[in-house]
Protein chains: 2
Amino acid sequence: MKSDIEIAQESEIRHIKTIAEKLNIAEDDIEMYGKYKAKLPLKFIDENKIKKHHLVLVTAMSPTPAGEGKTTTSIGLTEGLNKIGAQTTVVLREPSLGPVFGIKGGAAGGGYAQVIPMEDINLHFTGDFSAIEKANNLLSALIDNNIHSKSKNLGIDPRTIAWKRVMDMNDRALRDITIGLGGTANGIPRQDGFNITPASEVMAILCMSENFEDLKTRLGNIYVGQTFDKQPIYARDLKAENAMAILLKDAVKPNLVQTMEGNPAIIHGGPFANIAQGTNTILATKMGLSLTDYVVTEAGFGADLGAEKFLDIKCVSGGLKPEAVVLVATIRALRHHGGASKDAYNTPDLEKVKAGFENLKKHIENIKKFGLNPVVAINAFPTDSEEEINLVQERCATLGVKAILAHGFSKGGDGMIELAEAVVEEVSSGANQFTPLYNWELPIKEKIDKIAKEIYGADGVDYTKQALKGLAQLNALGLDKLPICMAKTQKSFSDDDSLIGRPKDFRITVREFEFAAGAGFVIPILGNMMRMPGLPTTPASENMFIDNNGKISGLS
Amino acid sequence: MKSDIEIAQESEIRHIKTIAEKLNIAEDDIEMYGKYKAKLPLKFIDENKIKKHHLVLVTAMSPTPAGEGKTTTSIGLTEGLNKIGAQTTVVLREPSLGPVFGIKGGAAGGGYAQVIPMEDINLHFTGDFSAIEKANNLLSALIDNNIHSKSKNLGIDPRTIAWKRVMDMNDRALRDITIGLGGTANGIPRQDGFNITPASEVMAILCMSENFEDLKTRLGNIYVGQTFDKQPIYARDLKAENAMAILLKDAVKPNLVQTMEGNPAIIHGGPFANIAQGTNTILATKMGLSLTDYVVTEAGFGADLGAEKFLDIKCVSGGLKPEAVVLVATIRALRHHGGASKDAYNTPDLEKVKAGFENLKKHIENIKKFGLNPVVAINAFPTDSEEEINLVQERCATLGVKAILAHGFSKGGDGMIELAEAVVEEVSSGANQFTPLYNWELPIKEKIDKIAKEIYGADGVDYTKQALKGLAQLNALGLDKLPICMAKTQKSFSDDDSLIGRPKDFRITVREFEFAAGAGFVIPILGNMMRMPGLPTTPASENMFIDNNGKISGLS
């Protein structure tokens, strides 16, 4: 079996201007980054076309740690749709460098369903992550500079600073640090830490912004901390928003690349799926919808997290109406949710799949609550047995849902025709009428209650003392009308990793609240959220090689 | 008076492919970054052409804090040379973001002698700085990950780690920090700190590399620290060099932009001029010399630092032979070296200029020691008096040196014709035969002695105990054949800021040694070197503005 990078390097790559031409965009209107990447100016976003065109969300059942292949399915589906004559763009998130050098690898799809040039996409790409990092860290430097200043000090209490520095690297040693040491010239000592760049609120803001003006306003609304008199301090109080926006002047433009079969791919933004919304920029999704009849896009983790946030936060905010949802399942994950141990993931076990189906079933029910009828894509593995597949297809059929074997990884678009046809059928039926789960105007507790009960299947929600204190602060700051961005484990519908399948008779606990006043959401924290991963004992970087002609191997 | 950014924005800008065409490079051979920036593939470097073409170094007398205008003079001279028919490329360093948001502003020239697009050049440009930062910090993460690892631990003593993290930001709070706090999951606590990205050895390495293979070797040679058994650890021991080189695969290619008059400008690399070599990449200089008859380039700070390092480190290492040196002087700096106080810098004072001329005279003498006859460029200011200018010209004439009024800032190429003619005359004379000051094979102390006595005019060199210890380590590590990169104040020929003009009867003290085993030089530290600047009370960022069309103001 060839590695992803070998397949990608052997695939034919077209000049990016030919991809732009397919989209009726002249070479002069794109900003090329080399021959195979380009930025698209925002002027091509056209609200009239967006209304006429069709948005398809790819989400998944509760995943195993390796992930169930949403990106691969999204890319493969895009190839399939284009093959059957539906002009389609895939719109994805940008990979972070942290996992590239750690364990997980990049995020450009896999096998014969990849976006290319995969090396560039997985490395610095067009510099968006670096720009976000700089904008984030400029605000940090301005905060510490203000505290250090004698004459222009706003009276920020260093103990209350909620804004952290970021670096796009897996670097555990930076999680918890003390800065400003070494004497009076080096500022005021305080406890601090670095998050990985996808966890930056600047990333979340870029992904939520409707236009450049909106971006600036949201940057100004970032909450920094309190003064010693307990007055809130925002980034605008430090006059930071223009300089931050200047650093983002190019990052705000969506990036155009191509799939291995030469179809358009827009890759833009990559916020965390736990403490943030986990989906690409509104601008990229709108750009795709302005340029082709169909857009296929994905949202992080399982549907309880990714799809719910995509629908209730991004779609409501951006006025987007998805007309089809693809729910990715794997036989491997079904075995897992039926109780298979990790070393038995690849061994056929009909009983385990039967039991594990409860997880998928709950996700199907959930998608229907949004007025949408999902199509299940069984991301095919060589270790799947026919019996297992048949079982899933039969059970889905009883729920009125198609379950289609998806061979994007091994066959590209040719392996995704049936899925593509099912998606077009769902869209054409007109039966998919998106309705959000909750109204943003509801009180925070009621919004959380709806998600917990209707999506997770919980009996109710408990709040710690700290959470109730946070709730009071949110109300005092006037942030109660924001949507909810749940920070919960992706491994279970509950807040307990070990409750696989479809847990019942459980309550969830909000331990504390965070909020993204600029991006515009409230974040109930249900467990320990990783914001800065570490490297493994043998980092992926050790096995990478680049020859004197710049050809890379060992990148995945 | 219009601001630099206003002048730049009003100037005509050509598509970068037309600049490439001037250099006989086809559009298909460049990698565009938008319409006005491109990367040049290394295949255009041609050693035969380099030998035939002419390298002109722009350096300066000992500067005031504002700088005397080397970049502006280099760009203006390039315009002038092209005007008189000498095909010329200007080859410069890339600006750092730190000063852009701090006090000093960017580094794209000034007035009517600028490189454009100045906003992009001063912001992220083509991402080289970010790539360098990531490569640097990947090594840091690998170091701390190794210390944290139970099974693959190399036994690195955390107290000996010489490798710091970097960030391209003025952020004093990161100078001195404690990392790895918060428990066993977060690594091993140790003292650390961030330098600004231009101070990274990765930057120095990029600038010293001859080709991609050399880059990788140098990255592997980075010295990290010692084991508990006092064995040296290099980046190659952590298998870091390939992954670091992968991150630098595009950064290694020189960047093509244009001057305001449409002449080619190559801007690549930007190492500090104090603890590093302070000049652009060898690859960029060679690229320029491969493409046009003349290359004008500059080196940081005054000639005692910038020119000496350029000539003894870069030219020797890269086999480059400059055929003319332009020594930039200002009447303002001459007044300063004659004893004028800061508030009198702009007031004509013939006596002060007379006294201050001693500084310029010593620099002229120094350049001659390298077999080169400098041309003095008096970077014209409206506050210069005719008497002062006449005096400088007369005194230079007695030394056999032309001193020419340079009006690049106010007139662009039209104001630099006379200087351009003088430079062509020097080159054509064949009299400039570059000889390095010292042989790299000499013992370290002898090399330092030569620089101190012949360039600085010191009576001798003293070494602290710590420096002698460092010297022993250098010899033990076999680094004694490396050239010397002096880390000294730029304000004086001596190691004492207050000794302006041409100090006499002084000795210098090497306090300690550092070394860049990858970049390939030994760094005697003569004073406190700033490696992470801070922001001023009112950061420049506060006065920046960007409108909804992306037009920037307040950037300088």
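In chain A of this predicted model, the loop between α6 and α7 (128-148) holds Phe125(A). Although Phe125(A) is not a glycine, its phi is positive, at about 50 degrees.

**Positive phi in a loop**
- Phe125(A) is buried, with a relative accessible area of 7%.
- Over in chain B, Phe125(B) sits in the loop between α6 and α7 (128-148).
- The phi of Phe125(B) is near 55 degrees, a positive value in a residue other than glycine.
- Phe125(B) is buried, and its relative accessible area is 8%.

**Cis peptide bonds**
- In chain A, Ile116(A) and Pro117(A) are joined by a cis peptide bond, with omega at about 0 degrees.
- Pro117(A) belongs to the loop between β6 (113-116) and α6 (118-122) of chain A.
- Chain B has a cis peptide bond between Ile116(B) and Pro117(B), where omega is about 0 degrees.
- To find Pro117(B), look in the loop between β6 (113-116) and α6 (118-122) of chain B.

**Two helices crossing in chain B**
- Helix α4 (residues 70-83) and helix α17 (residues 417-429), both of chain B, have axes that come within 8 Å and cross at roughly 80 degrees.
- Angles from 65 to 115 degrees count as roughly perpendicular, so α4(B) is roughly perpendicular to α17(B).
- On the α4(B) side, the residues that meet α17(B) are Thr73(B), Leu77(B), Gly80(B), Leu81(B) and Lys83(B).
- Their partners in α17(B) are Ile417(B), Leu419(B), Ala420(B), Val423(B) and Val424(B).
- By type, the residues of this contact between α4(B) and α17(B) are seven nonpolar, two polar and one charged.

**Nonpolar cores**
- The largest nonpolar core has 174 residues.
- Those with the most contacts inside this core are Leu139(A), Phe521(A), Leu139(B) and Phe521(B).
- A second, separate core has 160 residues, including Ala307(A), Leu40(B), Phe515(B) and Ala517(B).
- Leaving aside residues up to four places away in sequence, Leu139(B) touches Trp163(B), Ile222(B), Val224(B), Ala235(B), Leu238(B), Ala240(B) and Met244(B).

How values were computed:
Residues are numbered from 1 along each chain as its sequence is written. Chains are lettered from A and ligands numbered from 1 in the order in which they are written. This is a predicted model: local features need pLDDT of at least 70, side-chain atom pairs count only at pLDDT 80 or more; totals for chains, interfaces and linings use all residues. Side-chain values use heavy atoms; hydrogens and water are left out. A nonpolar core is a set of buried Ala, Val, Leu, Ile, Met, Phe, Trp, Tyr and Cys residues joined through side-chain atoms within 4.5 Å. Buried means under 20% relative accessible area, exposed over 50%, partly exposed in between (1.4 Å probe, protein chains only). Contact means heavy atoms within 4.5 Å. Axes are lines fitted to C-alpha atoms, for helices over the stretch in contact, and angles run from 0 to 180 degrees between N-to-C directions. Helices (H or I, at least four residues) and strands (E, at least two) are DSSP runs, numbered from the N terminus. Angles under 35 degrees count as roughly parallel, over 145 as roughly antiparallel, 65 to 115 as roughly perpendicular and the rest as oblique. Ala, Val, Leu, Ile, Met, Phe, Trp, Tyr, Cys and Pro count as nonpolar, Asp, Glu, Lys and Arg as charged, and the others, Gly among them, as polar.
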